[in-house]
Amino acid sequence: TQSRSSAASDVYKRQVQVWSSVVATFVYAEQVKDLDEAQRWGRQAQALLRAHPHFPRARRSLQTNLGSAAFRAGNLDEAREHFTEAVRLFEDAGVGDSMDGIGAEANLGILERRSGDLDAAASRLKSAKAKAERALGDAHPSVGSISNSLAVTYVELERFEEAETQYRESLDLLERKTGTDPSRVGHPLNNLGEFLVQRGRAEEALPFLSRCIEIWTIHRGAEDPALADPLKNRGEGLLALGRLEEATADLERAHLLLPKTASADSRGRLLLLLARVSAQADSTRADALVQEARTLKTVSYTHLTLP
């Protein structure tokens, strides 16, 4: 009896060690944003699972978390390997319709979109959304999050009506399910607002963007870098409506808050918008902003007229 009790205690200790490492990998990748620590914990979890392979659920979760850490670090090929393996492990175990299995599939779809494989991404995200609706109900916040990712994919595919449907569905669902964290609704508000600005519907977009800015200011603070994006989008909308003074205020504030990790497209677009609002008052600055934007090779000039 004592021997069995000791063996059970050893198994429990190993389980705690394994899961602590698996969870730490996620926390450092997604919450703390310390990718070096995420990778260190991930390596520790891998070593523990090699030594103690009898924790299949932990193995599945670790592949998802390692994928997230690689994705955050910009290592898309590595992230694809981990997410693909996670999806396979969930499917092989017959738990592909579980919340974790759905999350792994949605992550792979987001990665496919980031990699430019848009048709595959749309198919993957539609599949993940359908599974989430069956397993969790069509009012679950996860359905709203996947709808938002699907909408972004549809925009890139220029399937604009479907994109707007998904954006509005995501916003409606998350507005009803935000609970004690209303800041979660900020992303769909910002995404829908940006979509409407880009579709030439700036007047319609402003309430969504203003509400996002208000919510994030209250719940994250007025200096939070996340505010740069909705400020940029609202500034562009105000500029389209000829409200130059208000547009300038938003765009200058966005420039101050823009994080260093922002994409080249985001930085370049903001620089060009600032150049437009600066053109009459300070042509030297406008020229400098345009030249800086041109150094960002991936920036799209599609909807912007240079000063």
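## Overall picture

Take the contacts (heavy atoms within 4.5 Å) between residues at least 6 apart in sequence: 56% of those in the protein join residues at least 24 apart. Keep in mind that this is a predicted model, where local features need pLDDT of at least 70, side-chain atom pairs count only at pLDDT 80 or more, and totals for chains, interfaces and linings use all residues. Numbering starts from 1 along each chain as its sequence is written, and side-chain values use heavy atoms, with hydrogens and water left out.

The protein has 14 helices and zero strands; these are DSSP runs, numbered from the N terminus, with helices being H or I of at least four residues and strands E of at least two. The C-alpha atoms fill a box of roughly 85 × 35 × 35 Å along the principal axes. Of the 307 residues, 41% count as buried, meaning under 20% relative accessible area with a 1.4 Å probe, protein chains only.

## Helices α5 and α6

Now for α5 (residues 99–114) and α6 (residues 118–136): their axes come within 8 Å and cross at roughly 160 degrees. Axes here are lines fitted to C-alpha atoms, for helices over the stretch in contact, with angles running from 0 to 180 degrees between N-to-C directions. That makes α5 roughly antiparallel to α6, a label for angles over 145 degrees.

The crossing of α5 past α6 is left-handed, meaning that the near helix is turned anticlockwise from the far one by less than a right angle. Residues of α5 that meet α6 include Met99, Ile102 and Leu108, and among their counterparts in α6 are Leu118, Leu125 and Ala128. By class, this contact has 13 nonpolar, two polar and five charged residues. Nonpolar covers Ala, Val, Leu, Ile, Met, Phe, Trp, Tyr, Cys and Pro; charged covers Asp, Glu, Lys and Arg; the others, Gly among them, are polar.

## Helices α13 and α14

Helix α13 (residues 264–278) packs on helix α14 (residues 283–294) at about 160 degrees, with the axes 8 Å apart, so the two are roughly antiparallel to each other. Again, α13 passes α14 in a left-handed crossing. The contact contains eight nonpolar, three polar and two charged residues.

## Asn148

Asn148 sits in helix α7 (residues 141–156). Is Asn148 buried or exposed? It is buried, with a relative accessible area of 12%. Leaving aside neighbours within four places in sequence, Asn148 contacts Tyr167, Ser170, Pro188 and Asn191.

Methods. Buried < 20%, exposed > 50% of the residue type's maximum accessible area, 1.4 Å probe, protein only. Parallel < 35°, antiparallel > 145°, perpendicular 65-115°, else oblique.
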